[in-house]
Amino acid sequence: MQPRAVRLVQLSRVRYAELLALQERWLRRLQAEPGTEALSGTEAGALLLCEPAGPVYTAGLRGGLTPEEAARLRALGAEVRATGRGGLATFHGPGQLLCHPVLDLRRLGLRLRTHVAALEACAVRLCELRGLSDARARPPPYTGVWLGERKICAIGVRCGRHITSHGLALNCSTDLTWFEHIVPCGLVGTGVTSLSEELQRHVTVDEVIPLFLEAFKETYKCSLISEDSPN
């Protein structure tokens, strides 16, 4: 049987708001009535990849930031946004790979929990390909990918009418000091790390994207079709 196709949309370094706007357009596209902008029968959605252009703190459906905390973070020069994803507060910024799959899970034969597990598997595989064989996914509330007690990849998704949005944030060469101003994902007593920190060399987002794409295709059993423009 022919594998499902997923549109690959690479945005390079963009403002977080641009990623959210593109995500919203793809959500509308997948939710469209038949005969409008519905996907072809073999397509399952889009994989949106980018590197944030500036620092931004996001809060999930369970909150995670009080108005006073949000004001304090804005005073540091960061943007603060409420999002519709699961989880609590986290940080996004330069040196981080953001991956937002906007997928119709029915077309891939997946449930929400298996989608989350697949995202974790992609990040674990990428770490393994870079020699970090200790990378592990952990059960809730520790969703994400860890090296010991240090989280290297955060995951938070949203799913409505079987269509996913948001996804994962993998620290490549992220300035980890930004995480010191919050309790990432509400997990007290844990730390954060990055590929650069673990490998003791500078690892760019561009370096790991090919490895991530291979892991994504293997895990989701799909093909990727490059988009020329983020429509």
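Trainee: Leaving aside neighbours within four places in sequence, which residues is Ala123 in contact with?

Mentor: Val145 and Cys153. Keep in mind that this is a predicted model. Ala123 itself is in helix α4, residues 112-129.

Trainee: Why is Ala123 called buried?

Mentor: Its relative accessible area is 1%. Buried means under 20%. So Ala123 counts as buried.

Trainee: How far apart are Ala123 and Leu168 in sequence and in space?

Mentor: They are 45 residues apart in sequence. C-alpha to C-alpha, they are 8.6 Å apart in space.

Trainee: Which residues of α1 are buried?

Mentor: Among them are Tyr16, Leu19, Leu20, Gln23, Trp26, Leu27 and Leu30.

Trainee: What makes Arg7 and Glu43 a salt bridge?

Mentor: Their side chains meet at 2.9 Å, N to O. The cut-off is within 4 Å, so the pair qualifies. Arg7 sits in strand β1 and Glu43 in strand β2, 36 residues apart. Both are buried.

Trainee: What about Glu51 and Arg13: which parts does this pair tie together?

Mentor: The closest N and O atoms of this salt bridge are 2.8 Å apart. Glu51 lies in strand β2 and Arg13 in strand β1, so the pair ties together parts 38 residues apart in sequence.

Trainee: Why is Glu51 called buried, and why is Arg13 called partly exposed?

Mentor: Glu51 has a relative accessible area of 13%, under the 20% limit. Arg13 has 46%. Exposed needs over 50%, so Arg13 is partly exposed.

Trainee: How do you know that Glu149 and Arg138 form a salt bridge?

Mentor: The N to O distance is 3.6 Å, and the limit is 4 Å. Glu149 is in the loop between β8 and β9. Arg138 is in the loop between β7 and β8.

Trainee: How many salt bridges does a search of the whole structure find?

Mentor: It finds 11. Arg130, Arg201 and Glu207 are linked in a network of them.

Trainee: How many cavities of 30 Å³ or more are there?

Mentor: The count is 2.

Trainee: What makes up the lining of the largest cavity, by class?

Mentor: It has 9 nonpolar, 3 polar and 1 charged residues. The largest share, 4 residues, comes from β9.

Technical notes:
Residues are numbered from 1 along each chain as its sequence is written. This is a predicted model: local features need pLDDT of at least 70, side-chain atom pairs count only at pLDDT 80 or more; totals for chains, interfaces and linings use all residues. Side-chain values use heavy atoms; hydrogens and water are left out. Buried means under 20% relative accessible area, exposed over 50%, partly exposed in between (1.4 Å probe, protein chains only). Helices (H or I, at least four residues) and strands (E, at least two) are DSSP runs, numbered from the N terminus. Contact means heavy atoms within 4.5 Å. On a 1 Å grid over the protein atoms alone, a cavity is a set of points where a 1.4 Å probe fits but cannot get out, and a pocket is an open set with protein on both sides within 12 Å along at least five of seven lines; lining residues have an atom within 4 Å of a point. Grid points are joined across faces, edges and corners, and a volume is the space filled by probe spheres set on the points. Ala, Val, Leu, Ile, Met, Phe, Trp, Tyr, Cys and Pro count as nonpolar, Asp, Glu, Lys and Arg as charged, and the others, Gly among them, as polar.
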